[in-house]
Amino acid sequence: MKNEVHIIKYSSIISLSRVFCFIFLTFLCCGININAGKFEPQVSSLSHPSSSREYGGREGDEFTHARIQKKGPITAIRIRAVWHFIVGLQICYGQRWSQYVGGPFGKLQEVPLFPGESITQIRGSYSSYLHKLELITDQGRQFSFGQDRGILFNAIPPKKDTVLRYVSGRSDYFIKAIRFHWDVKPGQREE
């Protein structure tokens, strides 16, 4: 009789440990699925734009157009370039210009966009500062500043029907680094 009691207790412990093992494995599998969901691409919306990596060096003062971009879509861009340096940058959002960032060297060139036109691709090059920017619009126009030198890049929106909404980066006497932020056009709903 004592042996039967021990066998029953032992088999209960084995059954109980199997239940706990099953529960543990279930939570473990659920945890893996939850974590896997974190790596899925995020849907772009006006409150959560996606961005490129930062192209350039780590020095300089940080700047961002995150607030002013709420004034409207990009309607014009001013870029100052000398030889193979992008010296300065200023962007018009709606009818409001951002603060100029960069140095005073070279001629400031202004590129107005047509009504409804947006920037959909940016190519360029960089090292510890920005060497070249080439802006490409959804109407097929291209504007190039500076010269290729260093590491080449090609920044495009991660999702169809998104455009350049604003930039951020680092500057001092040159544009040291730049990051591109993409989203749907203002007033356009994402399907």
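Which residues do ring pairs link into a cluster? Select Phe85, Phe105, Tyr129, Tyr173 and Phe174, and show their side chains: ring pairs link them into a cluster. Rings of Phe, Tyr and Trp (its six-membered ring) pair if their centres lie within 6.5 Å.

A quick note before moving on. This is a predicted model, where local features need pLDDT of at least 70 and side-chain atom pairs count only at pLDDT 80 or more, while totals for chains, interfaces and linings use all residues. Residues are numbered from 1 along each chain as its sequence is written, and side-chain values use heavy atoms, with hydrogens and water left out.

**Whole chain**

Zoom out. Of its 191 residues, 39% count as buried, meaning under 20% relative accessible area with a 1.4 Å probe, protein chains only (over 50% is exposed, in between is partly exposed).

**An open sheet**

Next, pick out the four strands ordered S11-S10-S9-S12, an open sheet with antiparallel pairing. Two strands pair if DSSP finds at least two bridges between them. S11 (142-146) and S12 (151-155) are the edge strands with a single partner each, so one side of each has no neighbour in the sheet. Now highlight S10 (residues 130-137): five bridges join S10 to S11.

**A ring pair**

The structure holds 10 aromatic pairs. Select one of them, Phe153 and Phe180: the pair is tilted, at 6.1 Å centre to centre with 35 degrees between the planes. Tilted covers what is left once planes under 30 degrees apart count as stacked and over 60 as edge-to-face. Phe153 sits in S12 and Phe180 in S14 (residues 175-183), so this pair ties together parts 27 residues apart in sequence. Are these two buried or exposed? Both Phe153 and Phe180 are buried.

**Last stop: Gln90**

Jump to strand S5 (residues 85-93) and click Gln90. Gln90 is buried, with a relative accessible area of 12%. Leaving out residues up to four places away in sequence, Gln90 touches Ile77, Arg78, Trp97, Ser98, Gln99 and Tyr100; a contact means heavy atoms within 4.5 Å. Finish by finding the backbone oxygen of Ser98, which lies 2.8 Å from a polar atom of the Gln90 side chain.

Conventions. Helices (H or I, at least four residues) and strands (E, at least two) are DSSP runs, numbered from the N terminus. A polar contact is a pair of N or O atoms within 3.5 Å; within protein, one must be able to donate a hydrogen and the other to accept it, and residues adjacent in sequence count only if both atoms are side-chain atoms.
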